[in-house]
Amino acid sequence: FANACMAVFRDAELAAADIALLQPRQWLNDSVMGFALEYLQHGPRFAALGGRVALLHPCTVQLISAVDSADELRAILADLNLSAAEWIFLPVNDHEGEDAGGTHWTLLVLAPAARTATYYDSASSSPDLAKARAIARHLGSVLGVPRGAVAVAAGTCPRQPNGFDCGMYVLFTVQRCLEALMAGQAPADLAYSQSDVDASRADWLTVIDSLRTA
């Protein structure tokens with residue numbers, strides 16, 4: 001029962017065990033992150049942004065970090081039509097293997113045409129900035145940006161007061177960035193509270209409840 005599909009949105013599925021991670025004090029896994037990003041990309045709230053934005057699945061981001069060949073990566077990403085995106089959102093996990101895992105989520109927002117990227121980290125210190133730069137370098141080369149030409153800068157976002165809310169902070173940061181784009185503004189420094197993040201868990205459970213298969 002824990003692994004049975006309980007909610008579906010487009011190609012994303014959640015099992016009961018995944019949904020349970022949206023309860024308080026739980027760390028979000030790849031499945032929940034991927035499902036939420038798929039919904040933010042294609043759900044009704046930000047639909048007007050269309051192809052201007054691309055929100056990538058954590059597994060895709062992990063592949064981008066691992067593949068250094070532009071030709072190979074171009075073939076892997078061919079179906080995503082990333083060349084049309086003005087803003088690409090990439091959830092970065094500190095796990096180095098090809099399987100699911102890790103202990104911390106951060107967010108990289110890439111603007112290929114501007115050759116810039118902003119890295120949001122809700123922890124006081126994280127080793128993933130180097131990984132984020134590698135992802136920007138690998139993906140930039142696929143999108144026609146000269147290798148190493150993407151400047152990655154640290155963005156300002158609230159700090160999590162615990163060791164389990166990093167995924168929620170990433171999702172809330174994505175929402176804030178999308179709200180800015182909907183208002184005709186570029187994503188910039190972000191401000192929100194822990195209570196906003198806590199409430200967002202309940203909001204996601206409501207969304208998922210509306211998408212339940214049984």
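How many cavities of 30 Å³ or more does the structure hold? The structure holds one.

The model is predicted: local features need pLDDT of at least 70, side-chain atom pairs count only at pLDDT 80 or more, and totals for chains, interfaces and linings use all residues. Residues are numbered from 1 along each chain as its sequence is written, and side-chain values use heavy atoms, without hydrogens and water.

On a 1 Å grid over the protein atoms alone, a cavity is a set of points where a 1.4 Å probe fits but cannot get out, whereas a pocket is an open set with protein on both sides within 12 Å along at least five of seven lines; lining residues have an atom within 4 Å of a point. A volume is the space filled by probe spheres set on the points, which are joined across faces, edges and corners.

| Space | Volume |
|---|---|
| Largest pocket | about 490 Å³ |
| Largest cavity | about 30 Å³ |

The largest pocket has 23 lining residues, with Glu38, His42, Leu55, His57 and Leu80 nearest its centre. Helix H2 (30-42) is among the elements that each supply at least two lining residues, and the largest share, seven residues, is from H2. Helices (H or I, at least four residues) are DSSP runs, numbered from the N terminus.

Lining the largest cavity are Leu107, Tyr120, Asp121, Ser122, Cys157, Tyr169, Val170 and Thr173. Helix H6 (residues 166-182) gives the largest share of this lining, three residues.
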